[in-house]
Amino acid sequence: MSPKVVNATTPTILDFGVVESGIRERESVSVSRSDAFTRLALETVFGLPQPEVDEYIVDGFDDRGIDIVYIDHDNRVINIGSCKTVVSYKNSRKNFPGDEIDKIISFVEDLVLNREDMLKTCNGPLAAKVREIWDIFAEESYRISVHLFSNQATLQKDAHNRLVDALSRHEIALFEYGLFELSHGVVKATKPRFRKKIVPSDDAAFSVKEANKRAVMLKVSLKELTQFLSAENQTFDERLIWQNVRYFLGLDNEVNREIRETLLSGQASDFWFLNSGLTIVCEQIVSVANGRHPITMVNPQIVNGCQTATVIHAVSTGTMADLDNGYVHVKIIETNDSTFIERVALASNTQSRILNRDLRANDNIQRQLVECLRPHNYFYVRKRGENAPRPGMRMIDAARAGQLVLAYLCGEPTKSKTNSNDIFGDLYEEAFNPHAVTPEIIIAAHECYSVIERRRKEILAWQASVTRNSFEESWLIEGHFHLLFVIGELMRRASIPLSETTIAIGLIEKASSILRTFVERNQKVANYRLFRLARSREEILKIIDNNSKPDEANPVQIELFQHLGSA
């Protein structure tokens with residue numbers, strides 16, 4: 001599909017409310033409104049997990065107009081973002097501030113021309129990102145994209161053109177997300193005028209009339225739905241989805257992959273129970289009430305279920321899968337009220353994004369961890385947006401806990417770093433093994449990591465005050481999970497319980513020495529790559545093996561462990 005991008009219409013107060021609710025969900029005593037908006041952009045536009053977003057925020061003093069630097073290694077894109085937010089709908093009608101353009105152009109010019117002096121004008125997190133980008137450019141080819149986020153209107157035309165001209169000199173793409181775009185999405189097609197028919201299953205259609213509105217609920221066979229979704233040339237009929245704000249994400253998208261696997265695995269008969277179906281709005285329904293007769297729709301639009309519809313059509317027309325016993329739920333709403341159609345579309349498509357962690361939030365082990373950690377004065381955040389039931393409790397986020405357990409207990413630091421999206425997916429059974437994970441181990445990993453993270457932030461701040469490209473401990477910026485892994489490995493080899501928090505923290509220096517050796521042996525590999533390599537774990541284990549051999553000049557390390565264990 002190749003949807004047409006058209007100019008946004010004037011945002012409504014409903015649009016402002018949609019974005020505002022997202023900001024308020026993230027705002028807190030410790031998170032400012034501007035940071036909450038930045039987090040909203042990172043989570044919704046880039047799809048980043050909530051515990052990771054702080055890694056990419058560089059907002060603050062000496063940020064040079066840049067609030068986000070997100071390096072997407074999977075797609076080899078460096079995303080640079082600037083965020084602006086207003087507090088009232090009245091002010092949302094103003095354009096993105098044009099005076100920010102010169103800051104962005106200046107920063108980009110300094111970045112791509114490798115001007116060392118720029119580091120003196122950047123805060124710690126931003127300087128660290130600049131160095132990381134330069135390390136990447138020295139070895140590989142990444143694209144740069146600039147993103148402007150605002151709950152206002154986008155740039156005025158002259159400012160937009162000036163920024164585009166400046167960025168195009170370096171083949172840098174510009175993406176703008178104003179209030180309308182953040183609330184609706186930017187992809188729409190010219191409104192079509194057409195009719196389509198659909199045939200419900202036997203005795204599986206009934207009408208609903210409420211408040212001068214009409215709807216029909218249907219059970220439709222997958223085979224019949226495929227016919228409805230097909231254009232005359234049997235391709236997907238794109239006229240059906242111009243109103244949908246989320247366009248097809250591809251068969252490799254996790255949810256779409258699961259839909260496809262259900263259809264291909266011979267379980268089409270389960271589809272009715274597993275899928276929430278489609279919502280279609282149309283200007284008129286022409287049918288015989290409560291019967292198995294064709295239902296004709298005038299200008300039908302799929303406002304919810306675009307992904308489901310597209311996968312069903314792709315499987316039905318592109319494979320030999322048997323879909324004869326499969327059915328899907330279809331709700332058709334009759335209205336020519338454009339405002340009501342917009343409300344239906346928003347209600348169907350602007351809910352908070354459902355993540356794997358949300359689906360696992362009620363698992364038995366997640367509930368058990370909440371109860372087991374409470375007596376230790378820790379609140380385990382299994383659901384996004386939860387707050388501690390009483391003041392003074394320390395917070396441990398479930399997603400972060402999964403990462404820490406993978407590195408510390410399971411000995412998988414690379415997965416912890418690069419596969420964080422799979423913590424509640426393919427890695428769930430490993431990260432939350434009820435036979436291995438205990439609240440005491442989570443606390444030890446969390447406390448030890450907190451010490452590591454404080455040191456890591458000190459290094460980020462230090463980098464802003466120097467002009468060198470490296471620092472003896474700069475590897476910690478990328479190697480924090482590997483450091484936790486080494487600490488866990490040292491404790492396992494000395495038969496020390498991983499629940500011993502004090503010992504774990506006491507081994508940070510020794511583990512750091514091991515990782516320094518690892519980094520020194522791989523000086524030609526940039527840290528951002530080094531700690532993402534699958535071989536990094538095995539190389540570190542070899543260094544630990546060599547350090548564990550008896551040496552007349554140094555006491556065997558078991559003695560150190562025994563001393564710590566008796567402390």
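A salt bridge here is a side-chain nitrogen of Lys or Arg within 4 Å of a carboxyl oxygen of Asp or Glu. By that rule, Glu140 and Arg529 form a salt bridge, with their closest N and O atoms 3.4 Å apart. Keep in mind that this is a predicted model: local features need pLDDT of at least 70, side-chain atom pairs count only at pLDDT 80 or more, and totals for chains, interfaces and linings use all residues. Residues are numbered from 1 along each chain as its sequence is written, and side-chain values use heavy atoms, with hydrogens and water left out.

**Salt bridges**

- Searching the whole structure turns up 31 salt bridges.
- Helices (H or I, at least four residues) and strands (E, at least two) are DSSP runs, numbered from the N terminus.
- Arg529 has 31% relative accessibility, so it counts as partly exposed; buried means under 20% relative accessible area, exposed over 50%, and partly exposed in between (1.4 Å probe, protein chains only).
- Glu447 and Arg394 also meet through their side chains, at 2.7 Å from N to O. Glu447 sits in helix α17 (residues 439–463) and Arg394 in strand β14 (residues 394–397), so this pair ties together parts 53 residues apart in sequence.
- Glu447 is buried at 15% relative accessible area, while Arg394 is partly exposed at 37%.
- Back at Glu140, salt bridges with shared partners join Arg76, Glu139, Glu140 and Arg529 into one network.

**Strands**

- Arg76 turns up again in the hairpin of β1 and β2, which has four residues between the strands; there Arg76 takes a positive phi near 55°.
- Strands β1 (residues 68–72) and β2 pair in the antiparallel sense over five bridges; pairing takes at least two DSSP bridges between two strands.
- On its other pairing, β2 runs parallel to β3 (residues 143–150), joined by eight bridges.
- Seven of the eight residues of β2 (residues 77–84) are buried.

**Aromatic rings**

- There are ten aromatic pairs in the whole structure. Rings of Phe, Tyr and Trp (its six-membered ring) pair if their centres lie within 6.5 Å; planes under 30 degrees apart count as stacked, over 60 as edge-to-face and the rest as tilted.
- Tyr56 and Tyr70 have ring centres 5.0 Å apart and planes at 70°, so they go down as edge-to-face. Both are buried.
- Ring pairs also link Phe46, Tyr56, Tyr70, Phe149 and Tyr177 into a cluster.
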